[in-house]
Amino acid sequence: MLPQTSKAARHGVPERAVRILDTVNAAAGKAAFAALWVLSGVVLLDVALRTFGTPTLWGSEVSVYLMLAVAFLGVGHATTEDAHFRVTVITGMLSPRVQRMLDLLCDLLALVFTIGFTVGAARLLLFYHQLGFQTNTILRVPLALLQALVVVGGVFLAMALVANILRFALGLEHPKPPPDLPPA
Amino acid sequence: MDYTVVPVLAVFLGLIAVGMPVFMAMGISALLGNFLLQGGDRLFENMATGAYNALNSFVLLAVPLYILAGTLLEATGLSHRLFTFAATWVSGLRGGLGVATVIACSIFAAISGSSVATAATIGLVAMPALTSHGYPTHRSGALIAAGGTLGILIPPSIGLLLYGMLTDQSVGALFVAGVLPGLVLAFLMAAYTSAATPREATGELTTWADRVRAIREAGPILALPIIIFAGIYSGIATPTEVAAVAVLYIMIVGLAHGRLGWAEVLKAGKSAVSGSVMIFMLVAFGSLLTQFFTLTGVPQALTQAIANSGLGHFAIITLMVMFYLVLGMFLEALSMMLVTVPILFPVAQSLGIHPLAFGIFVVLAVEVAQITPPVGINLFTVAGIGRIPFDRLSRSVVPYVLIMVVMMYLVLYAQGLSTWLPATMSYGV
């Protein structure tokens, strides 16, 4: 006879999966955080060197790449923290149960879109890699490397959405972020 | 015009209504639109390319830096010095603390590009002071919510940055263009606040010694708007470079005052990353929707329809004002900007409106959206800070909305308000 398993034990693997997905996205968020500070440093260095008449030739280009890194590394973490703009005026008038169902539907639809988007980005990455495309800038960075950021962003976003869906299925609370303010 | 735009818009609004994140609603609608227009061939590859290209922009670099400057300044907690500085100079006036709130919002706005950050930061300091001096809570809240909107008009401004990116205008010129309208709007808000405040609601009289002390204490923060404006106006540095200098400056001031530790830096950086990512995703996926609108010929059709309508200048401008007022009730500010500017910019050009003046007009419209229910984000922020019933706050903010609507007309009928200062810049417009 199989031993009886508690609800907690039955949820053990999916719960662990949620924790792992959240941890990976939190780590990606930290990488985005680091990229933001490096970006600030690079722009400042460029300003300082330009003041002394020796501007970098690579500063602007690297800054843009770092900004792309901030955008795509941080997208999953922002989704986990529910930091993206949403209009909740209409859903706010519905019962909590209906709200949760709508949230689930939105997450499922977003996941399907994200998977398609990520696959599209991955195909582009392979295409760029096979043809050896490079940026037409001084650093001649392989385009596949930059496109990889889009793919990674898509993967992180999909992971955050899967974690949200699992949370719904397991009846887990959504991690409440600190009340950071939207920037506009 | 291709009428596939109708189902796509319906899907977009439907997704927003059910609570889908706006950037995702933009992406899915654009996907549907492009599928209806061009079929499924390389659909996702094209979207991935479009999203990447939209973000691969030097102009956008300033966004995370200004957000970081704002979050760092918030984290230092030095904003109370701005309020004290403003209060010592005008607290003797009727409604002096209200006027001081507008001044503090204007100064904070000249450092941060964010309206919500301005309302929240100044609100935390001003709300208790206003309440303790007999200002009705809901009126104080309305004042702070409206004053906060100066954050995206007085440069630096994330709204103007995005407008510059969308319409290919100089961001430096746009920032300089926002100065005079920002000051006029601040003056109008202050004048209304003073006139509408009960006579007994005045602050304490202060001495010159108090004022000098307030200047000394707020000096380092007061210098920052001057550095930012001088850097951009003179053309010594780009808006992006000025933003990086502002980050460094605030770090130094925060450390020198012992108000910035590792915890504050972490909190500010984390908040800046979330805020930046949110905007980047709106830009990336909004560009896909814009691309679809362009392919369907919506902007051209709208321009043509207006040209053939026989409507006068005033009627068309009123239609645009009404359009933004209604849209602002349902769409969040930056999303509204990203969706509408590519469509309305050609219309504005056909009316002979200067791109800089139209930029200020759009930013004012976006500001109104920040304080009109049901999605006015500044109202939510201030209602939370002051624990003010949302409906009372919404009613109290109406006079400020009207002032902003008057400003929207003013910037289009007196375009020199926006174009004069940029025209005096060494690198011109």
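How many salt bridges does the rule find across the interface of chain A and chain B? I began my notes with that question, and the count is 3. I keep in mind throughout that this is a predicted model.

**Entry 1: the interface**

One salt bridge I looked up joins R50(A) to E241(B), and its closest N and O atoms are 2.3 Å apart. I then turned to polar contacts across the interface of chain A and chain B, where the rule finds 6 residue pairs, both residues being at pLDDT 80 or more. Next I asked which elements of chain A give two or more residues to the side that touches chain B. They are α2 (12–51), α3 (59–80), α4 and α5 of chain A.

I also looked up the extent of the interface. The size of an interface is often given as the accessible area lost when the parts come together. Between chain A and chain B, about 5600 Å² is buried, and carbon and sulfur atoms give 79% of that area. In terms of residues, 53 of chain A are in contact with 74 of chain B.

**Entry 2: Q147(A)**

I picked one residue of helix α5 (residues 143–170) of chain A, namely Q147(A). Is Q147(A) buried or exposed? Its relative accessibility is 2%, so I noted Q147(A) as buried. I then listed its contacts, leaving aside neighbours within four places in sequence. In chain A, Q147(A) touches A121(A), L124(A), L125(A) and Y128(A). In chain B, Q147(A) touches A48(B) and Y52(B).

**Entry 3: aromatic rings**

Why are F113(A) and F117(A) separated by about one helical turn? The reason is that they are 4 residues apart in helix α4 (residues 96–131) of chain A. Both F113(A) and F117(A) are buried.

For a pair in chain B I took F380(B) and F390(B), whose ring centres are 4.6 Å apart. Their planes are at 20 degrees, and the pair counts as stacked because that angle is under 30 degrees. This pair links distant parts of the chain, 10 residues apart. F380(B) is in helix α19 (residues 377–386) of chain B, and F390(B) is in helix α20 (residues 390–396) of chain B. I checked accessibility here too: F380(B) is partly exposed at 44%, and F390(B) is partly exposed at 26%.

I also wrote down a cluster linked by ring pairs, made up of Y163(B), F323(B), Y324(B), F345(B), F358(B) and F361(B).

**Entry 4: R211(B) and two rings**

Which ring has R211(B) over its face at 5.3 Å from the ring centre? I found that it is the ring of W89(B). The charged end of R211(B) also sits over the ring of W208(B), 4.8 Å from its centre.

**Entry 5: L295(B)**

I noted L295(B) as partly exposed, since its relative accessibility is 47%. L295(B) and G33(B) are 262 residues apart in sequence, while their C-alpha atoms are 9.7 Å apart in space. What is L295(B) in contact with, leaving aside its neighbours within four places in sequence? I listed N34(B), L37(B) and Q38(B).

Key. Residues are numbered from 1 along each chain as its sequence is written. Chains are lettered from A and ligands numbered from 1 in the order in which they are written. This is a predicted model: local features need pLDDT of at least 70, side-chain atom pairs count only at pLDDT 80 or more; totals for chains, interfaces and linings use all residues. Side-chain values use heavy atoms; hydrogens and water are left out. Buried means under 20% relative accessible area, exposed over 50%, partly exposed in between (1.4 Å probe, protein chains only). Rings of Phe, Tyr and Trp (its six-membered ring) pair if their centres lie within 6.5 Å; planes under 30 degrees apart count as stacked, over 60 as edge-to-face and the rest as tilted. A charge sits over a ring if NZ of Lys or CZ of Arg is within 6 Å of the ring centre and within 35 degrees of the ring normal. Contact means heavy atoms within 4.5 Å. Buried area is the accessible area (1.4 Å probe) that two parts lose on being put together, summed over both. A salt bridge is a side-chain nitrogen of Lys or Arg within 4 Å of a carboxyl oxygen of Asp or Glu. A polar contact is a pair of N or O atoms within 3.5 Å; within protein, one must be able to donate a hydrogen and the other to accept it, and residues adjacent in sequence count only if both atoms are side-chain atoms.
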